[in-house]
Amino acid sequence: MTNNRSAKITIAHINDTHSHFEPSSISLNLPETVLDGQTSVYASCGGFSRVSSAVKDVQRQAHLKGREFMFVHAGDCFQGTLYFSLYKGYANAKLLNAIGVEAMALGNHELDMGNAPVADFMDQVHFPLLAGNWDLSQENQAKPNPLRDKAGVYAFDHHAGHARYIVKDVLGEPVALFGLAIENMAGIANPDPDTDFLDVVEVAEQTIAAIRQQGINKIVLISHLGYERDLELAAQVEGLGAIIGGHTHTMQGDFTNVGYGVTDEYARMVQGTCVVQAGCNALALGQLDLDFNADGTVASATGVNQLLLGRQFTVDASRSEHLEESTHDAVKTYLAAQPNVRFCAKDPLIENLLNTQFRPAVRELQTLHIAEVGEPLRHVRIPDSRGGSHIAPLVVDSFLWKGRQLGHDVDFAIHNAGGVRASLNPGPITSADIAGRLLPFAIGLMVYQVKGKRVREALEGAINNAIDNGIEGTGTGSFPYTANLRFTYRCCSDEGRRIEQLETYRNGLWVAVEDEVTYTSVSSGYTANGKEGYDALLDCIAEPQALNVTMADAFADYAADRQYLTAPEEALIRYIPCQCSQDVA
């Protein structure tokens with residue numbers, strides 16, 4: 001019989017960092033008494049150099065208190081900024097190694113471009129990838145770089161029937177950790193079709209049972225399921241001490257003291273399981289002090305999410321207009337007293353790595369002006385009272401333009417709104433703006449041929465998914481924007497009849513799209529692969545053809561060709577929402 005003992009561990013955690021190696025400028029809304037009538041200041045927040053400094057300090061404090069320490073990442077390090085556009089997973093591997101990550105969950109964005117980038121990433125990192133419900137048992141081993149047999153990939157053990165897990169020695173007492181990823185990975189990302197994702201609850205239960213059979217009764221899950229799903233899982237499954245999560249960018253805690261909201265308290269307990277998450281974009285560091293009883297139950301779970309701030313504060317987001325000295329001192333004094341704020345110096349080792357290997361190429365692109373934005377180009381996913389997105393139609397028009405430029409006889413283009421990530425203000429636009437903010441997902445374009453009826457089905461399916469019309473959708477990001485294709489979506493119509501007046505522009509005229517006619521379209525690989533309601537596009541006439549051009553590359557070339565960008569004159573989509581009894585024919 002195993003003689004288990006109590007254990008105390010401090011776990012530092014981050015999630016959804018999305019290649020945000022650099023600090024971000026954030027607005028802090030402070031009490032008027034601090035700012036003498038003003039309400040906000042801007043601060044430099046986060047970035048990997050500050051994360052590294054904070055982790056080292058938290059580790060030092062833990063050891064001084066006789067606690068074991070661990071630093072984990074709850075998934076989604078890929079995508080997000082120009083660093084990923086330029087370096088893909090290589091920069092993440094180098095920097096996550098450098099800041100001392102000890103284990104990481106698999107996020108959905110790690111699989112935006114299939115399994116191969118994850119395999120390459122795993123060849124470069126010094127820590128395990130915890131993906132316990134990823135079944136690699138049927139993976140084709142003839143691939144250039146298969147994942148199944150990589151020692152650092154802790155996926156589902158098909159023969160044992162549970163997730164592979166790691167064991168942390170906590171001053172002589174073992175604590176097991178395993179990871180879980182979103183079950184519907186194929187619906188929101190692009191995992192290779194020979195690698196499936198299994199039911200989260202079943203895998204969790206099987207894994208906890210297997211761990212306990214080994215005499216280990218202290219178990220932590222690193223999850224990339226989303227905050228609400230983590231809370232549900234904590235209620236459904238017994239035996240987990242903590243769930244350290246990601247995916248929904250949830251900043252747990254009360255941040256009203258700096259002008260943000262409240263999401264529960266840090267370290268929310270659900271039927272004996274502690275659930276935590278630490279925001280996104282390397283802005284904050286979560287610090288969980290987890291104490292186990294000898295029987296594996298949680299004696300206490302405390303801690304905090306802390307924003308990682310620099311010590312200089314400004315009036316403007318560009319950080320060029322400084323506060324008066326007395327006000328600046330008052331701001332520092334106020335923030336220094338807040339438990340959810342940590343002043344951090346930048347780790348010189350991380351700064352040196354960025355300066356010598358990655359920043360020069362990024363800085364070059366940040367100064368390369370491509371075109372001029374002539375007016376505010378706002379982005380919304382679903383059209384509202386002010387209309388639809390101004391920038392998404394230009395993005396999808398760039399796909400059409402690039403497809404034709406490369407010699408394809410493309411009729412129209414379709415793109416999901418979630419693939420566009422920012423509005424644009426008037427002024428010059430750079431490669432960094434495009435690849436780092438507007439289109440940060442490094443996903444390629446694909447040309448495919450499909451019958452008109454499938455286009456109709458895909459558009460309806462995507463909007464149904466975006467607005468939860470008759471189905472439980474995956475989010476508003478699936479809403480379509482188009483080029484050379486216009487239509488009306490009437491929410492109140494019967495399923496299968498919600499798309500009306502579907503037309504394409506040919507030879508200077510709008511003509512009806514016919515159900516049995518074959519059309520050539522261009523989309524991102526994400527949309528062309530039938531994600532989030534676009535599954536009708538999978539019934540294509542021939543295998544889709546990759547253009548070997550990313551979305552950002554296509555738009556950058558398009559913008560450089562046009563030189564001056566303004567909102568489209570005509571909205572191609574008429575969206576009639578479900579509060580539309582007066583519109584029903």
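Is Gln-306 buried or exposed? Gln-306 is buried, at a relative accessible area of 9%. Buried means under 20% relative accessible area, exposed means over 50%, and partly exposed lies in between (1.4 Å probe, protein chains only).

The model is predicted: local features need pLDDT of at least 70, side-chain atom pairs count only at pLDDT 80 or more, and totals for chains, interfaces and linings use all residues. Residues are numbered from 1 along each chain as its sequence is written, and side-chain values use heavy atoms, with hydrogens and water left out.

**View 1. Gln-306 and its surroundings.** Gln-306 sits in strand β21 (residues 298-314). Helices (H or I, at least four residues) and strands (E, at least two) are DSSP runs, numbered from the N terminus. Neighbours within four places in sequence aside, Gln-306 is in contact with Leu-283, Ala-284, Leu-285, Gln-287, Pro-339, Asn-340, Val-341 and Arg-342. Contact means heavy atoms within 4.5 Å. The Gln-306 side chain also makes a polar contact with the side chain of Gln-287, at 3.0 Å. A polar contact is a pair of N or O atoms within 3.5 Å; within protein, one must be able to donate a hydrogen and the other to accept it, and residues adjacent in sequence count only if both atoms are side-chain atoms. Gly-279 is 27 residues from Gln-306 in sequence and 10.0 Å away in space, C-alpha to C-alpha.

**View 2. Helix α4.** Helix α4 covers residues 89-99. Eight of its 11 residues are buried, so the helix is largely enclosed by the rest of the structure. The buried residues are Gly-89, Ala-91, Asn-92, Ala-93, Leu-95, Leu-96, Asn-97 and Ile-99.

**View 3. The six-stranded open sheet.** The strand order is β11-β12-β14-β15-β19-β18, with mixed pairing. Two strands pair if DSSP finds at least two bridges between them. At the edges are β11 (166-170) and β18 (268-270), each pairing on one side only. From one strand to the next, the twist averages 25 degrees. Axes are lines fitted to C-alpha atoms, for helices over the stretch in contact, and angles run from 0 to 180 degrees between N-to-C directions. Five bridges link β11 and β12 (residues 173-181) in the antiparallel sense. Val-170 has Glu-173 of β12 as its bridge partner. Helix α7 (residues 200-213) packs on the sheet and touches β12 and β14 (219-224). Its direction makes about 165 degrees with that of β12. Helix α8 (residues 227-236) also packs on the sheet, touching β12, β14, β15 (242-245), β18 and β19 (273-277). The direction of α8 makes about 170 degrees with that of β19.

**View 4. The disulfide.** One disulfide is found in a search of the whole structure. Cys-491 is joined to Cys-578, S to S 1.4 Å. Cys-491 lies in the loop between β28 (485-490) and β29 (499-506), and Cys-578 in the segment after β34 (573-576), so the pair ties together parts 87 residues apart in sequence. A disulfide is a pair of cysteine sulfur atoms within 2.5 Å. Cys-491 is buried at 2% relative accessibility, whereas Cys-578 is partly exposed at 40%.

View 5. Cys-45 is buried, with a relative accessible area of 0%. For Cys-280, the closest cysteine sulfur is in Cys-45, at 10 Å, again too far for a bond. Cys-280 counts as buried at 16% relative accessibility.
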